[in-house]
Amino acid sequence: MAGNTRIWTPIDYEADGKQSDCLRLPHSTDLSAYGWIPIPLVCIKHGSGPTALLIAGNHGDEYEGQIALCNLARRIRPDQVSGRLIIMPALNFPAVAAGRRVSPLDEGNLNRSFPGAAAGSPTEMIAHYVCEVLMPMADLVVDLHSGGRSLDYVASALVRPGRSAEEHEQLLSLLRLFGAPISFISDGTGGGGSTTLAAAAQEQGALTLTTELGGGARLSKAGLALAEAGLKRLLKDQRILPDIEIDPPSPTRFMTVRGHSAFVYARDRGVFEPAAEIGDEVVAGQLAGRIHFPDLPTREPESLVFETAGLVACRRAPSLTDRGDCLFKLMADTDVGPDRSSHA
Ligand code: ZN
C-alpha cells in the first residue's frame, strides 16, 4: 500500500504523545543532491479512538487555516485527546513558503493533483503520500481553504454530496456543527472535480469537510476564529477532544451554486471596478461592475451585469483583470430538509 512512496518521516503514527517533525520529500537539485523538502506534521495521539486529519496550506496563499492549525498544534495536550490528531498546517510547503497557490518547484496545484504519483513531481508525491499513508488512517478529514490571491470569499464550509443517504445526513450535521455563516454542497464541478483532496478522502470513506474562510492573500480575523471554533466543535463531536470547552455553533444558511449563470466573467482586459460587495444580495440585471481601459482613456468602460439573483459568495480580489477571469460567483438558498441529527 504505502510501500512505494519515496517520502519518509521519523514520526511514529502509532506512538502516544505529541510529535512535531516533518515529512521528508526527496528533491535533488544542483545545490542539494541528496536533499529533501520538509513538510511539517504534528501527530498528537492518546490511547485508542478515531483519527482526524487536519490540513491547511494545500494552496500556499490561504492563511486562516495555516494559523488555526498552528494554534491547535501548540495548544492541544496529548491528555486532552482520545484517539489521534494528524495536523499539517502547510501541506504544499514549497507553495506556502513562496506565498503562492501553486508550487514554484513544478507549478503543481496540489488540489488538482489527487490521487498523485509515488514517483511524480514534488506536488504529485505529496498527494500520493496523503492518499496512501494518511487517508487510510483518517475517520475525519478537514481541508481548510480560503480564496487565495485571486478571490475574496464569504466565510463558508462545504462538503461533497454523500455517497449514501446516511453519509449525506452525517455531512449536513458536520456543516451545522462547524457553524459557518454559509454552507454549501458541491461536487466540485467548475473547480477541481475528482482531483481534489476532499474527493480522494471521501473516496476512502472519511467524513470530509472543506472551507472557504476569506481571501485576497490576507488574513480574515473572523475566518480564523471560525476555523478554530468550528474545528473544536467537530473534534468534540467525534469524541477526539471530548472535554474541550467550546460555544455552540451559530445557525448556518444552506446555499448552492446554480450553473454557469451564477458566474460573472471579464470579457476584456482592463481594471475591474466592482459594484457589489461580498455578502450582498443582488437581482438579475443588476450592475456587477465595470472594466476600465487606462490605455484608452476616452473609451467607455465595459459594464457587466449579474445574469441571475443571488448572494455574492466570491469576488475577484486583484483589480487588474484579463479576459476570462472570474469576477463574481453567486449562491442561492437551497432546502436540505430538517435537521435529523442529535445536535439540534
Ligand atoms: Zn484553496
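How many residues of domain 1 are in contact with domain 2, and how many residues of domain 2 are in contact with domain 1? In this predicted model, twelve residues of domain 1 touch 15 residues of domain 2.

## Two domains

The domain assignment divides the protein chain into domain 1, which covers residues 2-255, and domain 2, which covers residues 260-333.

## The buried area

Between domain 1 and domain 2 an area of about 1,200 Å² is buried, and carbon and sulfur atoms account for 61% of that area. Of the area that domain 1 buries against domain 2, 42% comes from Asp152, Arg253 and Met255, which is more than any other three residues supply.

## Polar and charged pairs

Two salt bridges are counted between domain 1 and domain 2. In the salt bridge of arginine 253 with aspartate 333, the side chains meet at 2.7 Å, taken from N to O.

## The side of domain 1 that touches domain 2

On the side of domain 1 that touches domain 2, the elements that give two or more residues are strand E6 (151-153), strand E8 (182-185) and strand E10 (253-256). The residues of this side of domain 1 comprise seven nonpolar, two polar and three charged ones.

Conventions. Residues are numbered from 1 along each chain as its sequence is written. This is a predicted model: local features need pLDDT of at least 70, side-chain atom pairs count only at pLDDT 80 or more; totals for chains, interfaces and linings use all residues. Side-chain values use heavy atoms; hydrogens and water are left out. Domain bounds come from an automatic or database domain assignment. Contact means heavy atoms within 4.5 Å. Buried area is the accessible area (1.4 Å probe) that two parts lose on being put together, summed over both. A salt bridge is a side-chain nitrogen of Lys or Arg within 4 Å of a carboxyl oxygen of Asp or Glu. Helices (H or I, at least four residues) and strands (E, at least two) are DSSP runs, numbered from the N terminus. Ala, Val, Leu, Ile, Met, Phe, Trp, Tyr, Cys and Pro count as nonpolar, Asp, Glu, Lys and Arg as charged, and the others, Gly among them, as polar.
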